[in-house]
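Student: I would like to learn how to read a structural model feature by feature. Could we take one together, with the general idea before each case?

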Amino acid sequence: PLVSPDGTTFVIDSSFGGGTTVVGVGPSGQLLTAGWPYRSEAGHQIIDFCPEGAACDAYSLAAPAIGLDNVLYLLHTAATTSVGGSIVAVGSDGRMRPGWPVELRRPGSAFWSIVVGSDGTAYALAIEPETGDASSATILAIAPDSTVLYRTTIIDP
């Protein structure tokens, strides 16, 4: 579960086959009802540390974040093989905020991490496949209305 500063708790269920459900519980233990649970056909983003075909089992789930006013930021897998992953911002009413999601256009790309600053700006790490086995890494600063304020590539093979 994720717990906001006011005690609101979010429990996220995501299956490997796809689909995400989030249940919200208020600070007094009551289920949030208006618009909840949040549901998406997209699965929760997996961070895969093993090259394809390797004999290992090292992965984790990309951690979501809570922003101002209990906005929940979820990192989703790509909807199809022709695009990349996405970030959705779910408001306290259980509905996706206007202007969201923010999507990566390049197939095979994914958001691996997100944190939210004190002013509500979300900072996300995007990993994108490059030529061969290489990947690039880019940090995006995203305003609460989903406007990308800047993007800075920190690894460019």
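Student: What percentage of the 157 residues in the protein chain do buried residues make up?

Tutor: This is a predicted model, in which local features need pLDDT of at least 70 and side-chain atom pairs count only at pLDDT 80 or more, while totals for chains, interfaces and linings use all residues. Residues are numbered from 1 along each chain as its sequence is written, and side-chain values use heavy atoms, with hydrogens and water left out. Buried means under 20% relative accessible area, exposed means over 50%, and partly exposed lies in between, with a 1.4 Å probe and protein chains only. By that scale, buried residues account for 38% of the 157 residues in the protein chain.

Student: How does the radius of gyration of the protein chain stand against that of a compact globule?

Tutor: The radius is taken over C-alpha atoms, and the globule rule is 2.2 Å times the number of residues to the power 0.38. For 157 residues a compact globule would have a radius of gyration near 15 Å, and the 16 Å of the protein chain agrees with this. The C-alpha atoms fill a box of roughly 50 × 35 × 25 Å along the principal axes.

Student: Which residues form a salt bridge, and how far apart are the closest N and O atoms?

Tutor: A salt bridge is a side-chain nitrogen of Lys or Arg within 4 Å of a carboxyl oxygen of Asp or Glu, and by this rule the count comes to one. The partners are Glu130 and Arg106, whose closest N and O atoms are 2.8 Å apart. This pair links distant parts of the chain, 24 residues apart: Glu130 lies in the loop between strand 12 (122–129) and strand 13 (135–142), and Arg106 in the loop between strand 10 (102–103) and strand 11 (110–116). Glu130 is partly exposed at 27% relative accessibility, and Arg106 is partly exposed at 33%.

Student: Is Glu128 buried or exposed, and which side chain of opposite charge is nearest?

Tutor: For charge, Lys and Arg count as positive and Asp and Glu as negative, while His and the chain ends are not counted. Glu128, in strand 12, is buried yet has no salt bridge, the nearest side chain of opposite charge being Arg106 at 4.2 Å. Contact means heavy atoms within 4.5 Å, and, leaving aside neighbours within four places in sequence, Glu128 is in contact with Arg106, Ser109, Ala134, Ser135, Ser136 and Thr138.

Student: What is the phi of Asp69, and what is that of Ser146?

Tutor: Asp69 is not a glycine, yet has a positive phi of about 60°; Asp69 is in the loop between strand 7 (65–66) and strand 8 (72–76) and is exposed at 65% relative accessibility. Ser146, also not a glycine, has a positive phi of about 85°; Ser146 lies in the loop between strand 13 and strand 14 (148–155) and counts as buried at 15% relative accessibility.

Note on methods. Helix = DSSP H or I, 4+ residues; strand = E, 2+ residues; numbered from the N terminus.
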